[in-house]
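Welcome! Take a moment to look over the sequence and the model, and then read on for a short tour.

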Amino acid sequence: MKFIADTHIHSIASNHAYSTIMENIEAARQKGLVYMAMTEHGPKMPDAPHIWHCVNQWEVPSVYNGVNILHGAEVDIMDEEGTLDIDDHILAGLEWVIASMHTPCIKPSTKENHTKAWLNIAKNPHVDVIGHCGDGRYDFDHETVIKAFKEYGKIVEIDNGSFGSRPHTESNCAEIARWCKRLEVPIVVDSDAHFAANIGVFDKAIKILTEIDFPERLIINTDVERFEQIVAQKRAGLNR
Ligand SMILES: [Zn+2]
Ligand SMILES: [Zn+2]
């Protein structure tokens, strides 16, 4: 499998990450990636940047040193109503929006609550990608929720960075990917890199996808044309 994009990347704008945007772009270029996304944490993460980082990211051009840049965010889910920590009018102008659950922003509770939260996120038109939902602390009803992701056209993330850092990611991601395969839901494989050298490193995600014989045509970032179609659609609907 050859990957052409890494769509989940952090920079030193958050204190728990270790590379600059420039270093990230250079790493993506060296790995032969055609696209990378800037997806900094939303402002409710304890050491995330001020919202100005998000709104001012257009200072970074759409193509730099041969790498296409998607301007985005990893927005935080705050509660089971699906409240996010970046306003809709800002999200409406971003090219790549990942919505994720992080413990400082939403405490793990019951399977019912997590299911409700994901169902509300599914309905949010500003969210493109469902972030690292294989986190075992946030158990949910896979069948019900992944059907909703399909209904509302969401892309499910298989996040290489979560293996080893979030409990039960491997078994949960395998089950989630099986549902995506069964229901024909597109997925994206990405790194969630907090250090430039980890950009484009997808080994653990590839391992589980290979084990369940996941169809490559449902992985949006293995083919430039397939990926560009999605980006073009997204860009056409932007409200900036
Ligand atoms: Zn982070
Ligand atoms: Zn995250």
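The tour covers a metal site, a helix and a loop residue.

This is a predicted model, in which local features need pLDDT of at least 70, side-chain atom pairs count only at pLDDT 80 or more, and totals for chains, interfaces and linings use all residues. Residues are numbered from 1 along each chain as its sequence is written, chains are lettered from A and ligands numbered from 1 in the order in which they are written, and side-chain values use heavy atoms, with hydrogens and water left out.

Let's begin with the zinc ion (ligand 1). Its protein donors are H16 (NE2), H41 (NE2) and H194 (NE2), 1.9 to 2.1 Å away; donors are N, O and S atoms within 2.8 Å of the metal (3.2 Å for Na, K and Ca), and since water is not among the atoms, sites may look incomplete. H16 and H194 link distant parts of the chain, 178 residues apart. The zinc ion (ligand 2) lies 5.6 Å from ligand 1.

Next comes helix α8, residues 224–236; helices are DSSP runs of H or I with at least four residues, numbered from the N terminus. Buried means under 20% relative accessible area, exposed over 50%, and partly exposed in between (1.4 Å probe, protein chains only).

| Residues of α8 | State |
|---|---|
| F227, V231, K234 | buried |
| E225, Q229, Q233, A236 | exposed |

Finally, G200 sits in the loop between β8 (187–190) and α7 (203–211); strands are DSSP runs of E with at least two residues. G200 is partly exposed, at a relative accessible area of 24%.

Notes
The expected span of a helix is 1.5 Å times one less than its number of residues.
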